Amino acid sequence: MVNAGNVELRFQGSGMTSKLNKTGNIISAATILIGFGGMIGQLLLIRVLMVLFYGNELSISLVIANWLLMEGLGSYFGGKLTNLKIIKSKNLFFVLFMIYPFSLIGAIILARLMSGGFIITTIPGLAMNLSQMLVTTILTIGITSIIHGSLFPLAAKLFEEENKDQAVSRAYLVEIIGTILGGLLFVFLFAWQFKAIETAFIIFILHLIIILLLINNFRLYKFEKPFKMAFILFIFIAIILFNPITDNLHEFSLSRLWPEGEVIDYRNSIYGNIVTLSREGEKTVLYDGNPVANLTNPEISWSEDYSYLTATAHENPENILMIGHGIGGPISFLLEHPVTNLTYTELDPQLLDILREADSEIIKKEFDDPRVNIVEQDGRLYLNQTKDRYDIIKIGDIDTETLQTNRFYTEELFELASRRLKEDGMLVFSLPGSYTYMAGELALINSSLYKTANNVFANSVLIPGDRNIIIASDKNIEISPDIFVERLKERGLYGRRFTTGYLEFRLDESRIENLTEKLILTTANINRDFNPAGFYYGMLNRISIIAPGYTNFFNIINNYRFEIIGIAGVVLVLIYWLLFFKSKNNEANRLTYLIATTGSIAMSFDILIMFALQSLFGHIYQFSGLFIVAFMGGMFAGGRLTYKLIKSKREEKSSYILDYLKKLEIGIIGMLLLFVIIVNLLREIMLLDGSLYLSAVICIILAILAGGVTGAQFPLGTELLPLIKDAESAGSTAGRLYTADLLGGWLAGLIIGILIFPVAGLVITILSLIVIKVSSILLIYKVLPE
Amino acid sequence: MDRRDFIKICGLMVGVTSVAGFWWLRSDNSVNGYRKEDNMVEARYYEQLDDNNVRCNLCFRNCYIEEGRRGVCRNRENNDGELYNIVYSLPAAVNVDPIEKEPMHHFLPDTQILCIGTAGCNFRCKFCHNWRMSQRSLEEVRDVQNLTPEDIVEAAKNRGIPSISFTYNEPTVFYEYMYDTAKLAQENGLNVIFHSNGAMNQEPLEDLLQHIDGVTVDLKAFTDDFYNDICEARLDPVLSTLKTIYQSGAWLEIVNLVLPEKNDSPEEIREMSRWINNELGNEVPVHFNRFSPAYQMTDLMPTPIETLERCRDIAKSEGIKYITIGNAPGHIYNSSFCPECNSVIIDRTHFSIHEVNMENGKCGECGAEIPGVWHD
């Protein structure tokens, strides 16, 4: 008799093989789910936490870095746990595998509760400070990722028990498959189709299915096959369709997050989270947790001021391009001027859908006005592609705090804008500002962008305010109160708010001169795509709010970056020498270091290629998804190739492993150099109105190659380590090297993303990575004496 | 080399690097070229205690300040047992604004004020618009000017500005500078107003009010919870200050920034309005201002207009006569209305005055007396 669900050993030989294959398949399925659940869990928690954390690069880096760090710790402990005698690895794996989805659901709810004042002392509506962000990420991500991190070495151990041959490599490759699937499905399905808790429940269901198969396979008890399948299907359908649990949890957690209003609409677009709150007749739209529009009574105090000053600064503003943050006032106030055509670009179509449904007269007019042409596209991409020429290009209230938004304020963007402006056209943008003050980080961000505009345009003017307005043009810009009064009278717009008195206050000459002089005297770098000084200063501005005690630290890094890099380099070289040349038995350390540095470079590639994509092409969601697939696919392909290679050379001496590691090391350096060359070439192509799609294909190929060289090393490392370190089991090997890989990624995520790249630019960053890689090559080549 | 040796050497390297870095990067004492020591003046309203410690008696905090340390406001420093105001003559902001921006609506409408502010504050409001000055020390602000009281008065007179205002940050924390400038300004025929969080102690306040013509006070909420959680302060001192100002005869106006869910409950607004009516008088103008995200309060939705209108209705039902809605340009209640005949006495949009329908301090329509400080 054969029970198909739990194969009885009635047939020797083939039956045993059949059982082993069955076990192997289920372990593979479980490992795929580890990758799948881990990728989705990470992306999910990033999204949830971005709503709480203001969503800038600092907070994104903090979240990713903490995930990697905790995952690394989990992997380390998981590796240690595989050597324990008192508990079987498979039982431990089983327990942790069961707990993981619960920890994910718990993390989502806990994050929202903490934002509402649970555990940490904070108030709803208040931006969390850095310490609170750290505590929140540690408590939410920490537990989840430690559990998840420990699963990989345990899975590797199970692979080893099933078949010793290249157990860790096989586990690694299988997990990558899951990671790729998870990334794809999240990007193209889960992110915008399901709420966070619903997605977490789906992960739970999948874990439940695998758990049942594991129970079945490990012979704890039996199911008749049809009954088993029906049971599984029933649970799946019941929980997805009749899910008061998920709905209740979802609503409960949201009510703690936003007690000041009733959540009347909640949706996830592919770009972010959009919530509509209602309170006393007012509906406010929050985008990733930040209020962006009032649907009933738009907040016009600033938007009217900005639009009027912009339009009045131009003698005849007929054709206007507005990029972002236009609906709900800004467009309306521009249209009061003699505008014949207004093109508005908005990236997120779901946001536009919500705004269309608003019951505000102002917003309705903006959508219905025949002069308005709404383009659902990234603003920079639109600028790349359009052949129109404008009187005014106005950038909405977008700050420079992320690498993505900083793209709108770089020299390259300004050059592009200048080619899309008419001869007397103007570029107008706003920045964090003050009527009264211009120093410190405020002066840095304003000075940087003011000087960047001056680099491209012949004239720039600053109008100070709660947000500073900068107007740039090749033509002379006249902003005297008299001229503005005259123009407003001609347009029939004088009176109400914009009177002589108001304009004399708003355009006070001495105030403008005083603050402009301070701008000019401030030493700030030009903001460029691959030297994003504006991003760094924007981050500094944010740090001065959420972590004022650290402002000095980041200021010092900015002011003394080369000296600090030099000193850090000397200290690291010293530590490097001590660690690898003065300590005994260091060969395993060298290999671990090699994997760690490759992990750093893989993460750096991840950040830099994605950033290059967005800088060159704008924010295109599908490209981001393709990039994830390309990079992870490259890693899988590279890993698979080396896996095959190892298998084919099984009978040879193991010296080939070292040879291939050396070649890959050189290959990684080559990739880094190639990356710099290609990205700069592509930028020239794009600036010359070259083909978008060709450039995108080149980037995707770059991503595949980068993933390939970095992914190929891990199987080689896992094959070499047991040869260096006797009696190193698959679990320990996986734990050690996976930890190194993750910690390398953690360090890169933290330092490359928010420090080295913004402060030193792309070339210095790549050079630093090359130096790091050279350091590991030297270890492998043993050039320096032991 | 074993692990212990390795750790020792690493520790030594880190220590040496830190000391060298600290020595190399130590900050200099000067602020924008001005040495703090050359400008500071001895503070008023403090007492010397044992061991060179002092107690500042200027505001409700009554800070106990050890030698070499500063009070919560960051502006009062204990040097060898004497307390000094370190921002005297070092304003961080000097600007000309319309008086409506204070807001002060019943005091010489449609005129300009010369506004002065420094670093520091004795509150920690999470929604402060001037946080770059108020939540910073003098050294952190860095960009200051050197303007004596004489310089300020001369600047106002030269530009024909009728009033000087101490605003942006809490003027209590630069008391001596404010006091000396106010006294001199009045001697020169200028008006003096200030914008305060209302937390000054009675004695220094009464002393100051001799030289003050008008005060705008932020009554941020009517619960201690709000003051404690969001401003790290207390309500009672503010209520005492309001009474003192009112009794002094200086013109008083009150601002309440309405934050959704934080201080906008009908019960709280009613209680506040009732208190103002009973303790101060129903002719004290009250401004309900719309909140918009600022500083650390970035995730809170702006105040619904209906909420502001509700607050106004409640205050009116409790007898308050002059109520405006601010930070909502174009709203009908940007303007001031006669409480007797309900006609517009000052037609206003945001900071812009369109028409003043008054004569000799009386309503242009019905002749009702409108309290305030009006043009001759």
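Predicted model: local features only at pLDDT ≥ 70, side-chain atom pairs only at ≥ 80, totals over all residues.
Biologist: Let's start where the chains meet. How many residues of chain B are in contact with chain A?

Modeller: There are 57 residues of chain B in contact with 62 residues of chain A. The area buried between the two chains is about 5,000 Å², and carbon and sulfur atoms give 58% of that area.

Biologist: What makes Arg511(A) and Asp97(B) a salt bridge?

Modeller: Their closest N and O atoms are 3.5 Å apart. The rule asks for a side-chain nitrogen of Lys or Arg within 4 Å of a carboxyl oxygen of Asp or Glu, so Arg511(A) and Asp97(B) qualify.

Biologist: Which element of chain B gives the most to the side that touches chain A?

Modeller: That is α1(B), with seven residues. The residues on that side of chain B divide into 27 nonpolar, twelve polar and 18 charged.

Biologist: Now to chain A. Why is Thr597(A) called buried?

Modeller: Its relative accessible area is 4%. Thr597(A) is found in helix α23 (residues 587-617) of chain A, and it touches Ile772(A), Lys773(A) and Ser776(A), not counting residues up to four places away in sequence.

Biologist: And how do you know that the side chain of Thr597(A) makes a polar contact with Leu594(A)?

Modeller: The side chain of Thr597(A) reaches the backbone oxygen of Leu594(A) at 2.7 Å, and the limit for a polar contact is 3.5 Å.

Biologist: What makes Tyr172(A) and Phe714(A) a stacked pair?

Modeller: Two values decide that one. The ring centres are 4.2 Å apart, where pairing asks for centres within 6.5 Å. The angle between the planes is 25 degrees, and planes under 30 degrees apart count as stacked. The structure holds 30 aromatic pairs over all chains.

Biologist: Why can you say that this pair ties together parts of chain A?

Modeller: Tyr172(A) lies in helix α5 (residues 167-193) and Phe714(A) in helix α27 (residues 713-724), so the pair links parts that are 542 residues apart in sequence. Tyr172(A) is buried, with a relative accessible area of 4%, and Phe714(A) is buried too, at 2%.

Biologist: Which residues do ring pairs link into a cluster?

Modeller: The cluster holds Tyr308(A), Tyr435(A), Phe498(A), Tyr502(A) and Phe505(A), together with Phe351(B).

Methods: Residues numbered from 1 in each chain as written. Chains lettered and ligands numbered in written order. Heavy atoms only, no water. Contact = heavy atoms within 4.5 Å. Buried area = accessible area lost by both parts, 1.4 Å probe. Helix = DSSP H or I, 4+ residues; strand = E, 2+ residues; numbered from the N terminus. Nonpolar A, V, L, I, M, F, W, Y, C, P; charged D, E, K, R; others polar. Buried < 20%, exposed > 50% of the residue type's maximum accessible area, 1.4 Å probe, protein only. Polar contact = N/O pair within 3.5 Å; in protein donor to acceptor, adjacent residues only side chain to side chain. Phe/Tyr/Trp six-rings, centres within 6.5 Å; stacked < 30°, edge-to-face > 60°.
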